[in-house]
Amino acid sequence: LASPEWEGLPAACSVPGCSRIGVQVRQRCEGCTVPVYHASRAAIAGLAARWLEETFQSRLVHHDSSFVYGRQLTLMFGFPDDVGVKVTCNGSVAVVEAQAELIVGHGDFGTNDRRLRSLLGFL
């Protein structure tokens, strides 16, 4: 399915079937907090890229030292979803913001919440 790819993490979710962990905005993903790591921005971005590469039905589209973007297909129906990870520095720590958003439809049955929890567990 062709749709515009993200060039950076969106400012907020644009559809109900979206989950976001952000410094300013959080949507769904109850109990998720913005993770902070004592590591370089590039190291955390590299781990996020590896998570995308190793996750079933995922494709890494973009990876640099501050932004990782990919597409993942839902397990049951194969619908594509966007996944983005932004890593910034705050002093000596790396701060991670992430968003997983469906491309097709309105609801995701919690799929994007589970994606973000999986990412956080991997990091």
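Tutor: A definition is needed at the outset: helices (H or I, at least four residues) and strands (E, at least two) are DSSP runs, numbered from the N terminus. Please also keep in mind that this is a predicted model.

Student: Understood. Where does Gly17 lie in those terms?
Tutor: Gly17 belongs to the segment before strand S1, which covers 18–21.

Student: Is Gly17 buried or exposed?
Tutor: Gly17 is buried, because its relative accessibility is 0% and the cut-off for buried is under 20%.

Student: What does Gly17 touch, aside from residues up to four places away in sequence?
Tutor: Gly17 touches Arg28, Ala100, Glu101, Leu102, His106, Asp108 and Asn112.

Student: Let us turn to the disulfides. How many are there?
Tutor: The count comes to two disulfides. One joins Cys13 to Cys18, with an S to S distance of 2.1 Å. In the other, Cys29 is linked to Cys32, and the sulfur atoms are again listed as 2.1 Å apart.

Student: What is the pairing in sequence order?
Tutor: With the bonded cysteines of the chain numbered in sequence order, the pairing reads 1-2, 3-4.

Student: And which handedness does the Cys13 and Cys18 disulfide have?
Tutor: The torsion about its S-S bond is about -60°, so the disulfide of Cys13 and Cys18 is left-handed. The link of Cys29 and Cys32 is left-handed too, with -45° about the S-S bond.

Student: Are these cysteines buried or exposed?
Tutor: Cys13 and Cys18 are both buried. Cys29 is buried with a relative accessible area of 0%, and Cys32 counts as buried at 9% relative accessibility.

Student: Which residues does Asp113 contact, leaving aside neighbours within four places in sequence?
Tutor: Asp113 is in contact with Ser19, Arg28, Cys29, Glu30 and Asp108. Cys29 in that list is also a member of a disulfide, and Arg28 and Asp108 are touched by Gly17 as well.

Student: Where is Asp113 located, and is it buried or exposed?
Tutor: Asp113 lies in helix H2. Asp113 counts as buried, because its relative accessibility is 16%.

Student: What does helix H2 pack against?
Tutor: Helix H2, residues 111–122, packs with helix H1, residues 41–54, at an angle of about 125° and with the axes 10 Å apart. The two helices are therefore oblique to each other. H1 passes H2 in a right-handed crossing.

Student: Which residues meet there?
Tutor: From H1, the residues are Leu47, Ala48, Arg50, Trp51 and Glu54; from H2, they are Arg115, Ser118, Leu119 and Phe122. This contact divides into five nonpolar, one polar and three charged residues.

Student: Is Val68 buried or exposed?
Tutor: Val68 counts as buried, because its relative accessibility is 0%.

Conventions. Residues are numbered from 1 along each chain as its sequence is written. This is a predicted model: local features need pLDDT of at least 70, side-chain atom pairs count only at pLDDT 80 or more; totals for chains, interfaces and linings use all residues. Side-chain values use heavy atoms; hydrogens and water are left out. Axes are lines fitted to C-alpha atoms, for helices over the stretch in contact, and angles run from 0 to 180 degrees between N-to-C directions. Angles under 35 degrees count as roughly parallel, over 145 as roughly antiparallel, 65 to 115 as roughly perpendicular and the rest as oblique. A crossing is left-handed if the near helix is turned anticlockwise from the far one by less than a right angle, and right-handed if clockwise. Contact means heavy atoms within 4.5 Å. Ala, Val, Leu, Ile, Met, Phe, Trp, Tyr, Cys and Pro count as nonpolar, Asp, Glu, Lys and Arg as charged, and the others, Gly among them, as polar. A disulfide is a pair of cysteine sulfur atoms within 2.5 Å. Buried means under 20% relative accessible area, exposed over 50%, partly exposed in between (1.4 Å probe, protein chains only).
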